[in-house]
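Have the sequence and the structure open while you read.

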Amino acid sequence: MEQFNYYIHVLKNYATFNGRARRSEYWYFILFNTLISVGLNVIGGIISFGLIGTIYSLAVLIPSIAVGVRRMHDVGKSGWFLLIPIYNLILALTDGEKGENQYGADPKG
């Protein structure tokens with residue numbers, strides 16, 4: 001499943017804040033991260049160990065921030081734009097800049 005490779009790619013680039021991330025990389029990571037988190041919380045509720053979801057969330061905190069920063073770079077913005085509510089969502093939905101920008105080569109090629 002090619003989409004799951006985006007999730008794995010983000011985890012492999014655990015703390016890489018340089019470069020750019022395509023929309024698909026960012027949103028598939030968010031999708032799989034949410035599904036895994038919800039699944040672990042349900043399992044944690046069933047086995048009476050609610051901390052399992054929290055442990056997972058802490059484990060993927062840095063990769064989540066890193067892919068968000070790289071997504072902001074793809075649209076030509078600083079990673080600090082990730083801290084601006086609503087506007088960061090608009091930027092995450094926006095198509096990346098074509099060609100190379102100050103943050104690196106176009107991930108679409």
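## Overall fold

In what order do the elements of the chain run from the N terminus on? They go α-α-α-α-α. In other words, the secondary structure comes to five helices and zero strands. Keep in mind that this is a predicted model.

As for dimensions, the C-alpha atoms fill a box of roughly 50 × 30 × 20 Å along the principal axes. If you look at contacts between residues at least 6 apart in sequence, 61% of them join residues at least 24 apart.

The chain has 109 residues, and 31% of them are buried.

## Where H1 meets H2

Two packed helices are described by the angle between their axes and the distance between those axes. Here, helix H1 (residues 2-12) packs on helix H2 (residues 23-46) at an angle of about 90°, and their axes lie 8 Å apart. Angles of 65 to 115 degrees count as roughly perpendicular, so H1 is roughly perpendicular to H2.

Which residues make this contact? H1 brings Gln3, Phe4, Tyr6, Tyr7, His9, Val10 and Leu11. From H2 come Ser24, Glu25, Tyr28, Phe29, Phe32, Asn33 and Ile36. Sorted by type, the residues of the H1 contact with H2 are nine nonpolar, four polar and one charged.

Definitions and conventions:
Residues are numbered from 1 along each chain as its sequence is written. This is a predicted model: local features need pLDDT of at least 70, side-chain atom pairs count only at pLDDT 80 or more; totals for chains, interfaces and linings use all residues. Side-chain values use heavy atoms; hydrogens and water are left out. Axes are lines fitted to C-alpha atoms, for helices over the stretch in contact, and angles run from 0 to 180 degrees between N-to-C directions. Helices (H or I, at least four residues) and strands (E, at least two) are DSSP runs, numbered from the N terminus. Angles under 35 degrees count as roughly parallel, over 145 as roughly antiparallel, 65 to 115 as roughly perpendicular and the rest as oblique. Contact means heavy atoms within 4.5 Å. Ala, Val, Leu, Ile, Met, Phe, Trp, Tyr, Cys and Pro count as nonpolar, Asp, Glu, Lys and Arg as charged, and the others, Gly among them, as polar. Buried means under 20% relative accessible area, exposed over 50%, partly exposed in between (1.4 Å probe, protein chains only).
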